[in-house]
Amino acid sequence: AEGRSRFSFGLAALSAGTPMFLMGEEIGAAKYFRYNDFFLNKEDLIGERTGGGLFLFRFYQDLIRLVTAKAAARSRVLDVIYRHNDNRVIAFTRSAATQQLLILASLNDNPFDQGYFISTDSWRLPAGGWRETFNSDAPTYGGDNVGNGNATLQVSGGQINAVIPAHGFVVLEKVS
């Protein structure tokens with residue numbers, strides 16, 4: 001369930017618009033949100049940050065840091081370069097004046113740990129090196145560490161072959 005939670009917030013944070021989340025989501029709060037007796041039924045949000053919600057809380061912190069640090073993650077320029085409904089995979093780019101990000105995401109129940117081949121027009125996915133800068137499946141977030149190991153992957157002719165985790169995403173940044 002946490003993998004899907006990371007996926008949902010990740011795509012909300014990296015897609016167009018202003019991401020929002022409900023209080024407690026960042027630690028995986030399990031109690032029902034009750035408006036009429038909230039104070040009597042509240043969760044220990046601060047305690048959960050160091051307890052059972054530690055991994056998810058760290059994920060939210062790191063992803064918010066990434067989005068605030070990368071101009072491309074906040075730009076209005078978003079291009080969905082690939083989607084495959086049967087495989088439950090989507091790929092899109094975010095671009096700013098001096099920065100480009102590529103987000104590869106999958107809701108598939110199995111990882112594409114041997115790589116997933118994406119092909120689009122070469123002008124939509126520029127040739128060169130793309131370095132993995134974020135992996136929603138990293139062990140520090142409670143994941144299985146299925147990803148590209150911060151490697152720099154090569155794009156040629158609008159094609160890339162990258163590892164994509166199950167119920168997760170990776171963010172690559174154009175470096176050369």
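I began by noting what a polar contact is: a pair of N or O atoms within 3.5 Å, where within protein one must be able to donate a hydrogen and the other to accept it. The model I am reading is predicted.

**Entry on His167.** With that definition in hand, I looked up the side chains of His167 and Asp109 and found that a polar contact of 2.9 Å joins them. I then found a second polar contact, of 3.2 Å, between the side chains of His167 and Arg4. Where does His167 lie? I located His167 in the loop between β7 (159-164) and β8 (168-174). Leaving aside neighbours within four places in sequence, I listed the residues in contact with His167, among them Gly3, Phe7, Ser106, Leu107 and Asn108.

**Entry on the whole chain.** I counted 5 helices and 8 strands in the chain, and reading from the N terminus I wrote their order down as α-α-α-α-α-β-β-β-β-β-β-β-β. The radius of gyration of the chain is 17 Å, close to the 16 Å that the globule rule gives for 176 residues, so I noted the chain as being as compact as a globular protein of that length. Taken along the principal axes, the C-alpha atoms fill a box of roughly 60 × 35 × 25 Å.

Key. Residues numbered from 1 in each chain as written. Predicted model: local features only at pLDDT ≥ 70, side-chain atom pairs only at ≥ 80, totals over all residues. Heavy atoms only, no water. Helix = DSSP H or I, 4+ residues; strand = E, 2+ residues; numbered from the N terminus. Rg over C-alpha atoms; globule rule 2.2 N^0.38 Å. Contact = heavy atoms within 4.5 Å.
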